[in-house]
Amino acid sequence: MPAGPVLPPTPSQTVGPFYGYALPFAGGGDIAPAGHPDTVTVHGHVRDGSGAPVPDAIVETWQAAPDGSLAGRPGSLRRSPVTGGFLGRNGVDFTGFGRVATDADGHWAVRTLAPPAGTPYLCVCVFARGLMHHLYTRAYFTDDVRQGPLAALPGPRRATLLASPERDGVRRFDIHLQGERETVFLDFH
């Protein structure tokens, strides 16, 4: 039998945009205990290569607790045995994990506590349409170049990893998936 044409491998399927049906959960951005005096809001926009907002992305954050512990608390993804819905958080414990959907303008926000000096960043994972795989980055609360990958980056690239103070208790971290202002994404093996 003659050999057929050699076909190139096909790419993996893109994910989404079906996130709104399964991944977000009530209170997903409420990482800090309710009413905690040291709450910090970290927010921004997810934008595509042309600068347009991505209205159906999911942003996950996770971090060390202010005391440096990595254990977190349960509750982020607990399900109700009665309704099958999410129980969410109890409003008292710091969980260290957040998951939020972007809105129609590509905006996202989490309310958390500032990470400790030893790990002064939020780990960030982005899921969005058109991505073959989710993307990892960090939102640093410091521009101290002795901190991890910041030391290896030139100033303009380093700036894409900084959660910049906007005002007291609010930091801005925009995520650019492509283009001139593309966020630095990390590769973990």
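The model is predicted: local features need pLDDT of at least 70, side-chain atom pairs count only at pLDDT 80 or more, and totals for chains, interfaces and linings use all residues. Residues are numbered from 1 along each chain as its sequence is written, and side-chain values use heavy atoms, with hydrogens and water left out.

**Confidence**

- The mean pLDDT (the predictor's confidence in each residue, from 0 to 100) of the chain is 84, and 79% of the residues score at least 70.
- Confidence is lowest in helix α1 (residues 19–22), with a mean of 58, and highest in strand β9 (residues 175–176), at 98; helices (H or I, at least four residues) and strands (E, at least two) are DSSP runs, numbered from the N terminus.

**The open sheet**

- An open sheet of 4 strands has the order β3-β2-β5-β6, with antiparallel pairing; two strands pair if DSSP finds at least two bridges between them.
- The edges are β3 (97–101) and β6 (135–140), each with a single partner strand, so one side of each is left without a neighbour in the sheet.
- From one strand to the next, the twist averages 25°, with axes taken as lines fitted to C-alpha atoms and angles running from 0 to 180 degrees between N-to-C directions.
- β2 and β3 are antiparallel and share 5 bridges, and Ile58 has Ala101 in β3 as its bridge partner.
- Strand β5 (residues 121–127) runs antiparallel to β6 and is joined to β6 by 6 bridges; Cys125 is bridged to Tyr136 in β6.
- Of the 5 residues of β3, 4 are buried, where buried means under 20% relative accessible area, exposed over 50%, and partly exposed in between (1.4 Å probe, protein chains only).

**Gln63 in the loop between β2 and β3**

- Gln63 lies in the loop between β2 (58–62) and β3.
- Gln63 counts as buried because its relative accessibility is 9%.
- A polar atom of the Gln63 side chain is 2.8 Å from the backbone oxygen of Leu113.
- Beyond residues up to four places away in sequence, Gln63 touches residues including Phe94, Gly96, Tyr121 and Leu122; contact means heavy atoms within 4.5 Å.

**The β7–β8 hairpin and Arg172**

- Strands β7 (residues 164–167) and β8 (residues 170–172) pair in the antiparallel sense over 3 bridges, and Arg167 stands opposite Val170 in β8.
- The hairpin has 2 residues between its strands, and Gly169 takes a positive phi near 80°.
- Arg172 is located in strand β8 and is partly exposed, at a relative accessible area of 25%.
- The side chains of Arg172 and His45 are joined by a polar contact of 2.9 Å; such a contact is a pair of N or O atoms within 3.5 Å, and within protein, one must be able to donate a hydrogen and the other to accept it, while residues adjacent in sequence count only if both atoms are side-chain atoms.
- Arg172 and His45 are 127 residues apart along the chain, and their C-alpha atoms are separated by 8.8 Å.

**Nonpolar cores**

- The largest nonpolar core has 26 residues, of which Val42, Val46, Trp108, Val124, Phe173, Ile175 and Leu177 touch the most other members; a nonpolar core is a set of buried Ala, Val, Leu, Ile, Met, Phe, Trp, Tyr and Cys residues joined through side-chain atoms within 4.5 Å.
- β1 (39–47), β4 (107–113), β5 and β6 are the elements that give two or more residues to this core.
- A second, separate core of 9 residues has Cys123, Leu150, Leu162 and Val184 among its members.
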